[in-house]
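Student: I would like to learn how to read a protein structure one feature at a time. Could you walk me through this one?

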Amino acid sequence: MVVRPIALFLLVALSGCVPLPKRFAKADVLGTYEIQYPFGTETIVLREDTYEQRFVDKSGKVFTVEGKWTFDGTKRSNQGGLENAMSLDDGFGRFRSTTPRKGLRALSFKWYGGTVISVNEDQGFMMRKIR
């Protein structure tokens with residue numbers, strides 16, 4: 001009887017539908033992430049202390065922002081923040097703006113069969129690490 005619940009948990013966890021708990025170090029999250037929205041493609045490159053955010057809209061116009069970023073990997077926090085970044089998704093899966101917003105844009109790193117940045121889980125938007 002115990003085998004069935006364990007097997008079901010493993011099946012769901014390995015299917016990629018549920019994020020597996022993982023504690024990241026800063027070195028684990030450095031790299032290039034990408035997401036395709038219905039309104040364009042966003043790429044974020046995370047370096048040791050700086051980032052580059054690039055957005056290409058459906059017409060091919062390119063918007064780029066660069067700045068500093070931070071990461072907190074303590075106690076499974078897996079949180080980061082981009083200083084003065086674009087906030088492209090409005091929370092409902094629609095385009096917001098390419099104007100950089102003052103302050104921090106929060107990043108939440110998770111493991112869905114690879115390292116991802118959660119953008120809007122309700123809409124299924126996650127930035128996948130591509131390199």
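Predicted model: local features only at pLDDT ≥ 70, side-chain atom pairs only at ≥ 80, totals over all residues.

Student: Is Ser 87 buried or exposed?

Tutor: To decide, look at the relative accessible area: under 20% means buried. Ser 87 has a value of 14%, so this residue is buried.

Student: Which residues is Ser 87 in contact with, leaving aside its neighbours within four places in sequence?

Tutor: Those partners are Arg 96, Ser 97 and Arg 101. Take Arg 101 as one case: 14 residues along the chain separate this residue from Ser 87, and their C-alpha atoms are 7.0 Å apart. With Arg 96, the side chain of Ser 87 makes a polar contact of 2.8 Å.

Student: Now for the rings. How many aromatic pairs does the count come to?

Tutor: The count is ten aromatic pairs. One of them joins Phe 39 and Phe 55; this pair is tilted, with 6.1 Å from centre to centre and 55 degrees between the planes.

Student: Where in the chain are Phe 39 and Phe 55?

Tutor: Phe 39 sits in the loop between β1 (31-37) and β2 (40-46), while Phe 55 is part of strand β3 (residues 50-57). They are 16 residues apart, and the pair links distant parts of the chain.

Student: What kind of aromatic pair do Phe 39 and Phe 95 form?

Tutor: That pair is edge-to-face, at 5.6 Å centre to centre and with 65 degrees between the planes. Phe 95 lies in the loop between β5 and β6 and Phe 39 in the one between β1 and β2, so their pairing ties together parts 56 residues apart in sequence. Phe 95 has 40% relative accessibility and therefore counts as partly exposed.

Student: Which residues do ring pairs link into a cluster?

Tutor: The cluster consists of Tyr 37, Phe 39, Phe 55, Phe 63, Phe 95 and Phe 125.

Methods: Residues numbered from 1 in each chain as written. Heavy atoms only, no water. Buried < 20%, exposed > 50% of the residue type's maximum accessible area, 1.4 Å probe, protein only. Contact = heavy atoms within 4.5 Å. Polar contact = N/O pair within 3.5 Å; in protein donor to acceptor, adjacent residues only side chain to side chain. Phe/Tyr/Trp six-rings, centres within 6.5 Å; stacked < 30°, edge-to-face > 60°. Helix = DSSP H or I, 4+ residues; strand = E, 2+ residues; numbered from the N terminus.
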